[in-house]
Amino acid sequence: MFSLRELQHGPTKSECIQFINSRKWFDIQLEDKKPYASGNTEPRWQTLIAWGRKNCVDSGYIENEVRDSWQPTKNGLNAVVMMCKAFEEKRADVRRCYLFTTKFKQLIDPAYSPSDNDKKRPEYLYEDCLPEYRKSVRGSKQDRINKMIHDLLSDEL
């Protein structure tokens with residue numbers, strides 16, 4: 001939504017993604033560059049942006065009348081203002097946003113500076129990238145046991 005406000009017109013998906021990428025706002029890691037196994041060839045991070053658009057359409061923040069137009073609605077533009085205000089007033093914490101780069105965090109919260117309090121990105125963001133020993137629910141007790149067993153077996157080999 002922030003990029004749509006900056007572009008000030010109904011950009012296409014390609015224009016929006018290019019804009020975000022050129023400004024280095026999304027903290028793209030190796031796993032984000034891979035396509036989903038579903039046969040889609042675009043990088044996962046771009047698919048995440050497209051899903052974000054769908055959620056914004058469903059919420060009335062982006063118009064859906066013209067195909068491939070990412071035109072923000074008045075409510076959408078107001079939501080961006082409210083979001084930035086929430087970050088500035090510390091009602092929302094930009095430190096929890098592990099997909100944002102430092103550059104973008106500082107743009108939406110000028111007082112932000114990186115620290116150890118920043119939420120770390122999960123080791124594996126995408127379920128289909130989990131190693132075999134991590135096929136259980138992420139962070140669960142069973143997940144920790146599976147990892148311990150895997151590490152013990154790996155040390156034995």
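Student: Hi! Is Lys90 buried or exposed?
Tutor: Lys90 is exposed, at 53% relative accessible area. Exposed means over 50%, buried under 20% and partly exposed in between, using a 1.4 Å probe and protein chains only. This is a predicted model, where local features need pLDDT of at least 70 and side-chain atom pairs pLDDT 80 or more, while totals for chains, interfaces and linings use all residues. Residues are numbered from 1 along each chain as its sequence is written, and side-chain values use heavy atoms, without hydrogens or water.

Student: Which residue forms a salt bridge with Lys90?
Tutor: Asp109 does, with the closest N and O atoms 2.8 Å apart. The pair links distant parts of the chain, 19 residues apart. A salt bridge puts a side-chain nitrogen of Lys or Arg within 4 Å of a carboxyl oxygen of Asp or Glu.

Student: And Asp109, buried or exposed?
Tutor: Asp109 is buried, at 4%.

Student: How many salt bridges are there in the structure?
Tutor: Eight. One of them joins Glu42 and Lys13, at 2.8 Å from N to O. Lys13 belongs to helix 2 and Glu42 to the loop between helix 3 and helix 4, so the pair ties together parts 29 residues apart in sequence. Helices are DSSP runs (H or I, at least four residues), as are strands (E, at least two), numbered from the N terminus.

Student: Which residues of helix 2 are buried?
Tutor: Cys16, Ile17, Phe19 and Ile20.
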